[in-house]
Amino acid sequence: MKKQFVLCALPLLLAGSAGAAAPASPSQAAASTRSCHLPGVTEALRCVSVPVPLDYADPRAGTLKLHITVAPALREGTRADPLFVLAGGPGQAGSDVLTLLPALQRVRATRDLVFIDQRGTGLSGKLDCESKPEHERMSEEQLEAELRACISSTKVRYGAYTTAASARDLEQVRRALRYGQVNLWGGSYGTRLAQVYARAFPASVRSLLLDGVAAPDQVIPAGARDAQAALDGLFAQCAKDAGCNKAFPALRAEFNALVARLERGGIPVSLPDPRTAEPVSFTMTAPRFLGTVHNILYSPADARRLPFLLHSASQGRWGPFVARQNLSTDFGMDASMSMLLHLAVVCAEDVPRLTPELLAQDTGQLTKTLAEKFPSICKTMNVPAVPLAAPARIEAPALLLSGALDPVTPPHRAATAARYMARAQQVVVANAGHGVSQLGCAPRLLREFLDKPQAALDTACLKKIPAPTFQLGSAGPQP
């Protein structure tokens, strides 16, 4: 799962298509279902439109339509409890993560898979800003000005787009589709939404599968310490690997020197554009550089390329690093984060708790600059603060999956979440990063847990997931 939880640098944010869906008429009260084909999936699925209140605090505000994608169980009539799939972000849609279908095929054998486009994401009135190729070459000041203009020109009730509202939406979906109890799979921010729903509607939840678990008290922008731990871990792994250490013996010093140069005003870069081969010139800035490094750390396979990318950049060869950076702003990608939805949630629920004391304690290089920008940007969003409620105990059985190399939701976040759960099994996978469900034997374990959620799960097979090899040269990772 890519870039599912925390914002990277501002240049990575302005992507997607503008606008939000107009509120539906309150008279359109019934869900409508049709057969549909969505990008990345060859088979026909069921697309369901479910009207929900736009603002639960104001019945006069009308409704909006949620998009739901249902992959029906492969065996008809075997299980009545579906698996609701909650994507990350906040800002990613269920229709963006249909790539999870292969990993969930064992589950789908007996259960419907229900992919939810959270309000403000994907096909549920996506709240986003217009994507422009020139954003890649703009300064941080220019990008921030465009973001503020987008926020101000998008006329929606940002205060209605909260995690609590999305949890109430899930209950509306459950009822509209006439399910009894449901199981929840949440990835990254989706684990926050799953926990909020399980607390708000405990009778509706049979079990929880949480991958990349967010703690109830986690403040999304305050991720510098976790990101720094992942980066330090990568440097230590490179030093212990004979080939990596030989190829890049001064890796940490090269990284620190690059950051120091970037923070003094940026580094001029001239090279053939990795997309078009046309000559381009621009200034690599510290936020762009650090945001890309953070993004790379999400996946161990990607992270094992990072020493080569950093060493090349330190030698003045920026082509490989820029090519990898472009993956985060690929204008050909259909799936993108809903930027304004992300801000609506984070500005209401996280930034009010981003105190100067927390910022001072959150030491690390990768996300610090962006975190410091959030309070100012949130003033433009102008959403009311959502107080953090004391987390009630979750009684439903839960399986908590964490990657030891995760730079965003490392295992200690899951351990905190488990303290408020009556029946939680926490599993840490040594060679995994931000996302476990698609790796090794995990798809089988998901099915085994759902079949018997109260039974102890044998997860020894996850130890067999190997560490990726390091990339030492332009030819790619070692065999």
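Colleague: Are Asp128 and Lys126 buried or exposed?

Modeller: In this predicted model, the side chains of Asp128 and Lys126 meet in a salt bridge, with 3.6 Å from N to O. Buried requires a relative accessible area under 20%, and for both Asp128 and Lys126 the class is buried.

Colleague: Which class of accessibility does Arg353, the salt-bridge partner of Asp350, fall into?

Modeller: Asp350 pairs with Arg353 in a salt bridge whose closest N and O atoms are 3.9 Å apart, and this counts because the cut-off is within 4 Å. Asp350 is itself buried, with a relative accessible area of 0%. Since buried means under 20% and exposed means over 50%, Arg353, at 21% relative accessibility, counts as partly exposed.

Colleague: Which residues do salt bridges that share partners join into one network with Arg447 and Asp451?

Modeller: Asp451 is partly exposed, with a relative accessible area of 23%, and its salt bridge with Arg447 has closest N and O atoms 2.8 Å apart. Through shared partners, salt bridges join Arg447 and Asp451 into one network with Arg79, Asp81, Arg111 and Arg206.

Colleague: How many salt bridges does the count come to?

Modeller: Side chains of opposite charge can pair when their charged atoms come close. With the cut-off set at within 4 Å between nitrogen and carboxyl oxygen, the count comes to 25 salt bridges.

Technical notes:
Residues are numbered from 1 along each chain as its sequence is written. This is a predicted model: local features need pLDDT of at least 70, side-chain atom pairs count only at pLDDT 80 or more; totals for chains, interfaces and linings use all residues. Side-chain values use heavy atoms; hydrogens and water are left out. Buried means under 20% relative accessible area, exposed over 50%, partly exposed in between (1.4 Å probe, protein chains only).
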